[in-house]
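Here is a short report on one protein chain. Look over the sequence and the model first, then read on.

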Amino acid sequence: KTCKLAFKIIHSTMILLPTWHATCKETRKKVKQIPCDVLTHWNSTFNMINFILEYQEPVDAITDK
């Protein structure tokens, strides 16, 4: 589900991307993109999970909207 969320935020420049930026600013987090899980990058799953744990508040806020 996290991969789908990351893909949708990155590729929805008119709806979700501005919402993601606003949500990050509201929660006083630096605006960053959610890293995607890539099969050929051995550490990408860890990076994605680590990011989600760090940005749990904005992720929860955007998934509740």
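What share of the contacts with a separation of 6 or more comes from residues 24 or more positions apart? Such residues account for 57% of those contacts in the protein. The model is a predicted one.

**Overall build**

The protein has 4 helices and 0 strands. From the N terminus on, its elements follow the order α-α-α-α. The radius of gyration is 11 Å, close to the 11 Å that the globule rule gives for 65 residues, so the protein is as compact as a globular protein of that length. Along the principal axes, the C-alpha atoms fill a box of roughly 35 × 25 × 20 Å.

**Surface and charge**

Of the 65 residues, 28% are buried. The table collects values for the whole protein.

| Property | Value |
|---|---|
| Distance between the mean positions of the 9 positive and 6 negative charges | 5 Å |

**A look at Pro-18**

Pro-18 sits in helix 2, which spans residues 16–26. Is Pro-18 buried, exposed or partly exposed? Its relative accessibility is 42%, so Pro-18 counts as partly exposed; that class lies between the cut-offs of 20% and 50%. Leaving aside residues up to four places away in sequence, Pro-18 touches Ser-12 and Thr-13. Cys-3 is 15 residues from Pro-18 along the chain, and the C-alpha atoms of the two are separated by 18 Å.

Definitions and conventions. Residues are numbered from 1 along each chain as its sequence is written. This is a predicted model: local features need pLDDT of at least 70, side-chain atom pairs count only at pLDDT 80 or more; totals for chains, interfaces and linings use all residues. Side-chain values use heavy atoms; hydrogens and water are left out. Helices (H or I, at least four residues) and strands (E, at least two) are DSSP runs, numbered from the N terminus. The radius of gyration is taken over C-alpha atoms; the globule rule is 2.2 Å times the number of residues to the power 0.38. Buried means under 20% relative accessible area, exposed over 50%, partly exposed in between (1.4 Å probe, protein chains only). Contact means heavy atoms within 4.5 Å. Lys and Arg count as positive and Asp and Glu as negative; His and the chain ends are not counted. The place of a charge is taken as NZ of Lys, CZ of Arg, CG of Asp or CD of Glu.
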